[in-house]
Amino acid sequence: MNFQQLRSVRETVRQGFNLTSVAQTLHTSQPGVSRQIRELEDELGVDIFVRAGKRLTGLTAPGEAVLPIVERMLTEAQNLTRVGDDYAERDTGRLSIAATHSQARYALPQVVRDFRQLYPRVTLNLHQGSPRQVAQMLLDGEADVGVATEALAQYDQLVALPCYRWTHSVVVPAGHALLDGPGPLTLQQIAAEPVITYDVGYTGRTHIDEAFARAGIRPDVVLTAMDADVIKTYVELGLGIGIVASIAFDPDRDRNLRAIDARHLFATNLTRLAVRRGTYLRAYVYDFIQAFASPLTREVVEKAQAEVPGADFEI
């Protein structure tokens, strides 16, 4: 049994049982991948994959049992390497961060700047994606840390830690009639306007939809986008009013727009930071996590990693 066999099994599942893609990812040949898998199956005495002719179509029952063990073995092998690096080259390495656009654009910049000053020899890689893509990058080992509001707490393989709460604002062009309302903004007033907001699954969109649904109101959503910068651009062009995360509005940059607090209309959102359960984190990763959310000390993170999967963790 060797690590190349284990990698071949894991990557076959990740690539949807497409051996051509597996070979490309592992920088080998398709026959080589097939041989590695067959040799491991012969050694174990069971078929790991269901076959239809020469094609692999799924996992067998033994394969379902083997896969999590393979994942753990490869994770622990990587952990050994990280332990060695942590002690041999403590301030040198790579940190890969996966985040949604809102987090990458508005929540992370100052943290990244401060981290770079503290660890100038650590290379940072910042990946952006949807909340589910962020989670998948963590699960696949492509990212060390993930930051998002949605999805992260839904995976038992991840340790998702609460960081900060935030609310939505409605953005309108300067001089808009909603700025002169006699009282607090209402859902009815928003629904009377063309609305531009986030795509489903992004940046608290679920709470926006839930608020209108509870009130029995159907807003006129004319445009959706993944990030607030796009939403604000089209609000400036006069296509409608925008519903964005409050942190996405900057009075100095958004001089042609005005923000109206909407925290009384939409539920509060919780941004989480996640790491893959069982992964050894280097010392500078703990420092980055605490820089992003000061209550998340190394002790707190390690305690969370030891918690039973699926348990709600509170600081």
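This is a predicted model: local features need pLDDT of at least 70, side-chain atom pairs count only at pLDDT 80 or more; totals for chains, interfaces and linings use all residues.
## Model and conventions

Residues are numbered from 1 along each chain as its sequence is written, and side-chain values use heavy atoms, with hydrogens and water left out.

## Overall build

Let's start with the whole protein. Its C-alpha atoms fill a box of roughly 75 × 50 × 35 Å along the principal axes. The protein has twelve helices and twelve strands; these are DSSP runs numbered from the N terminus, with helices being H or I of at least four residues and strands being E of at least two.

Of the 315 residues, 46% count as buried. Here buried means under 20% relative accessible area, exposed means over 50%, and partly exposed lies in between, using a 1.4 Å probe and protein chains only.

For a sense of distance, take threonine 92 and threonine 186: they are 94 residues apart along the chain, and their C-alpha atoms are separated by 52 Å. Threonine 92 sits in the loop between α4 (61-88) and β3 (93-99). With a relative accessible area of 22%, threonine 92 is partly exposed.

## Salt bridges around arginine 14

A search of the whole structure turns up 15 salt bridges, each being a side-chain nitrogen of Lys or Arg within 4 Å of a carboxyl oxygen of Asp or Glu. One of them joins the side chains of arginine 14 and glutamate 71, at 3.8 Å from N to O. This pair links distant parts of the chain, with arginine 14 in helix α1 (residues 3-14) and glutamate 71 in helix α4, 57 residues apart. Arginine 14 is partly exposed at 25% relative accessible area, whereas glutamate 71 counts as buried at 18%.

Arginine 14 also forms a salt bridge with aspartate 140, where the closest N and O atoms are 3.5 Å apart. Aspartate 140 lies in the loop between α7 (131-139) and β5 (145-148) while arginine 14 is in helix α1, so this pair ties together parts that are 126 residues apart in sequence. Aspartate 140 is partly exposed, at 21% relative accessibility.

## Another pair, and a network

Arginine 113 and aspartate 114 form a salt bridge too, with their closest N and O atoms 3.2 Å apart. Both ends are partly exposed: arginine 113 has 48% relative accessibility, and aspartate 114 has 33%. Elsewhere, salt bridges that share partners join Arg14, Glu71, Asp140 and Arg276 into one network.

## A helix crossing

Helix α6 (residues 109-118) and helix α11 (residues 283-292) have axes that come within 9 Å and cross at roughly 140°. Axes are lines fitted to C-alpha atoms, for helices over the stretch in contact, and angles run from 0 to 180 degrees between N-to-C directions. The two helices are therefore oblique to each other; angles under 35 degrees count as roughly parallel, over 145 as roughly antiparallel, 65 to 115 as roughly perpendicular and the rest as oblique.

## A nonpolar surface patch

Met1, Leu44, Ile69 and Met73 make a nonpolar surface patch of about 340 Å². Patches are made of residues with over 30% relative accessible area and no salt bridge, with like charges joined within 9 Å and nonpolar side chains (Val, Leu, Ile, Met, Phe, Trp, Tyr) within 5 Å. Accessible areas come from the Shrake-Rupley method with a 1.4 Å probe, and for residues only the protein chains shown count as cover. Leucine 44 belongs to helix α3 (residues 30-44) and is partly exposed, with a relative accessible area of 36%.
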